[in-house]
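This report covers nonpolar cores and helix packing in one protein model.

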Amino acid sequence: MGLCLIATVDAAFVLAALQIAVGLGLVIFVHELGHFAVAKWCGVKCEKFYLGFDIWGLRLARFRWGETEYGIGILPLGGYVKMLGQEDNPARVAEEIERAKSTGVMQQDSDTTSLVGIQADGTPIYDPRSYLAKSVPQRMAIISAGVIMNVIFAFGLAMCAYAWGVNLEPCLIGGTVPGGPAWAQNLQSGDEILKLGNIERPFYRDIQSGVALGDVSDGIQMVVKRYGTGQVDTLKVVPLQGPVPMIGMLSQNTLKVIVPEQEAADAEPIGAQTEPPLVSGDEITAVEGQPVKSLADVSRIFAARPDDSLRLTIARTPGVQDNHGRLTLGEIVSHWFRKPQPQAAPETLEVALAPRPIRNVGLIMELGPIVEIQADSPAAKIGLRPGDLLTAINDESPGDPLTLGDRLRRRAGEKVKLTIQRAGEAEPLVFTDVELRPVTELFQNHMTFPMRQPVAISALGLAYEVHNRVVDVVPDSPAAKAGVPAGAVIAKVEFKLPKATSESSREPLELGDKRLVYPGVFQMLQDLPKDSSLVLYTADNQKYELAPVEVPGWHNPDRDLFTRPIMVTVVARSVGEAFSLAATETKYALLQVYRFLGKLGTQIDIRMLGGPITIVKVAKQSADKGLTDFLLFLTMLSANLAVINFLPIPILDGGHMVFLALEWIRGKPVGENIVLAFHYAGFLFIVSLMLFVFGLDLGLFSRGL
């Protein structure tokens with residue numbers, strides 16, 4: 001039986017090769033072992049058992065034991081069991097059928113005795129140990145055994161994971177994307193999702209799959225508990241369609257700090273400058289003397305005071321090296337045999353967290369129409385709508401659309417006059433005495449939606465487009481010095497990085513209505529190393545290279561402080577509970593694949609598929625998080641292979657089952673010519689699909705932003 005590996009997920013790269021090789025090899029091995037064991041039990045001769053494919057006779061290893069050759073092929077894309085009379089290669093199907101026919105059975109006719117291998121009714125006589133000589137139920141059992149073994153293996157892996165303890169993210173909201181569906185419903189940091197559809201107390205992964213794979217046409221119903229007030233609201237959120245539907249929401253993190261490793265070219269750590277320096281594992285207990293119980297509290301203080309140096313109170317445990325919540329297998333095993341040592345009491349220290357200046361090049365881009373209005377906001381209360389264009393504030397031009405939100409934030413509590421041009425209205429609409437509300441929320445501006453990357457005015461509760469046309473430049477800015485003219489339309493951008501970094505340049509990115517728009521470029525600027533430059537290519541084929549500079553008085557409120565995600569450990573306290581949790585997890589994994597395939601090409605962009613390189617990337621990410629995450633990844637992969645290989649595609653197990661079902665119904669096999677034609681069609685489909693997913697893995701086809 002051939003096994004084709006097709007992944008349905010996306011993600012990073014190369015872990016400990018041994019751990020990944022063993023894990024992925026086991027998933028393939030149990031599938032082929034299912035075919036092999038049942039074939040042997042039915043008396044079928046198994047000529048080969050291979051992990052990987054030995055194309056053109058190339059293999060890494062082989063040995064013979066009894067009548068079977070065991071080996072590891074050179075192409076690590078699956079595995080196969082070669083049975084007498086069964087062949088997946090269309091070019092050899094007819095030849096294998098002939099080889100499986102008996103040549104040692106005497107058949108007497110009226111005139112002569114010959115070795116013809118044909119029964120009186122004209123049907124061939126096969127070698128008794130041929131796959132083709134077995135009954136339809138036996139062949140169905142052989143074909144389905146690989147898939148059944150994958151399901152059993154997935155269940156076993158999940159049972160081990162839950163016996164050990166699985167870390168899952170609860171549905172606490174950490175932030176929303178300006179203009180996104182979650183932002184429009186006024187979901188804020190600290191809010192808790194109590195129910196998603198029919199799922200009570202969902203985990204964050206349920207939100208991700210529910211949004212991406214659910215019925216999103218009418219929206220997804222959520223029951224939300226508001227942070228601070230405890231008020232419970234029932235909302236309907238309609239996801240924004242892209243390569244994958246999304247609502248623009250992140251999960252909540254803890255107060256435990258993570259300090260990532262930085263490249264040598266970076267002038268400062270990503271967490272912004274602190275004095276004394278933060279270290280991974282530090283826990284924030286207060287900001288400016290105000291105790292904080294969650295990161296939502298910290299976010300609100302950061303949002304209100306982006307320009308100030310803030311004093312953090314930190315609890316630090318001496319001698320403890322934080323591992324971001326992960327233990328290696330060696331550390332886990334050593335804990336079994338080592339008596340736990342008491343930890344030292346944490347020490348308290350004060351850390352000054354400096355503001356993080358915004359970097360810009362001085363382009364003033366064209367302000368576009370409003371794309372979303374936030375619920376219960378000043379903009380909603382005066383009746384603004386998507387499509388409205390903000391033309392004036394207090395009878396003055398709105399100015400730079402990228403700085404507008406920060407400028408209005410500083411005027412919280414004031415009342416302003418808004419002039420709006422509405423489509424279909426000859427005269428502008430004027431709204432007076434619109435009160436600007438205080439800004440209490442950090443938005444995840446680094447998260448961007450395909451084809452739309454709006455900018456929010458939090459003080460008003462509206463989000464608008466920013467177009468790629470330059471309307472002006474800031475005097476004495478990099479753009480002014482480079483001579484970027486008003487009216488220029490930016491078509492492409494390129495980021496040039498310092499030569500000390502791992503990549504000195506990035507491929508030019510195209511801008512356009514259905515691609516990246518300038519706010520996305522602006523966000524990328526904030527994360528570049530110092531001494532980087534931005535190269536602009538305009539629609540009239542002009543090129544400008546600009547070095548970003550810090551803008552006085554304009555600061556990023558989130559300060560790029562990294563903290564560890566909140567995790568809830570789900571652990572089985574009995575064999576029965578482990579069995580129940582594993583059954584639920586296996587069902588979840590199987591249904592995820594079916595739901596993904598059902599939405600592929602309609603709700604899910606086909607470019608979201610991935611191939612073997614993606615499998616290794618995701619395996620690496622999972623292994624980095626810990627043993628149980630890796631076990632759950634293998635659970636998903638084993639379920640993935642079970643579903644994929646049972647699809648009714650010729651060559652795959654599901655295709656064989658279709659032919660067997662037809663044979664059972666008809667009382668005789670499907671004609672060899674028909675089988676051969678479908679095998680060629682299935683072979684071409686699988687090869688084409690594999691080339692396509694390889695192309696996606698190698699970046700030959702864009703997956704979208």
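## Cores and helix packing

In the largest nonpolar core, which has 47 residues, Leu363, Leu462, Ile490 and Tyr518 touch the most other members. A nonpolar core is a set of buried Ala, Val, Leu, Ile, Met, Phe, Trp, Tyr and Cys residues joined through side-chain atoms within 4.5 Å, and buried means under 20% relative accessible area with a 1.4 Å probe, protein chains only. Apart from this core lies another, of 22 residues, including Ala161, Ala619, Ala623 and Leu637.

The model is predicted: local features need pLDDT of at least 70, side-chain atom pairs count only at pLDDT 80 or more, and totals for chains, interfaces and linings use all residues. Residues are numbered from 1 along each chain as its sequence is written, and side-chain values use heavy atoms, with hydrogens and water left out.

| Pair | Axis distance | Angle |
|---|---|---|
| H3 (residues 136-164) and H14 (residues 627-644) | within 8 Å | roughly 165° |
| H13 (residues 612-625) and H16 (residues 672-697) | 7 Å | about 50° |

H3 and H14 are therefore roughly antiparallel (angle over 145 degrees), and their crossing is left-handed. Residues of H3 in this contact (heavy atoms within 4.5 Å) include Val147, Phe153 and Ala161, and those of H14 include Leu627, Leu634 and Ala642. By class, the contact of H3 with H14 has 17 nonpolar, 4 polar and no charged residues.

H13 and H16 are therefore oblique to each other. Here Pro612, Ile613, Thr614 and Lys617 of H13 meet Met690, Phe694 and Asp697 of H16. These residues divide into 4 nonpolar, 1 polar and 2 charged.

Notes:
Buried means under 20% relative accessible area, exposed over 50%, partly exposed in between (1.4 Å probe, protein chains only). Axes are lines fitted to C-alpha atoms, for helices over the stretch in contact, and angles run from 0 to 180 degrees between N-to-C directions. Helices (H or I, at least four residues) and strands (E, at least two) are DSSP runs, numbered from the N terminus. Angles under 35 degrees count as roughly parallel, over 145 as roughly antiparallel, 65 to 115 as roughly perpendicular and the rest as oblique. A crossing is left-handed if the near helix is turned anticlockwise from the far one by less than a right angle, and right-handed if clockwise. Ala, Val, Leu, Ile, Met, Phe, Trp, Tyr, Cys and Pro count as nonpolar, Asp, Glu, Lys and Arg as charged, and the others, Gly among them, as polar.
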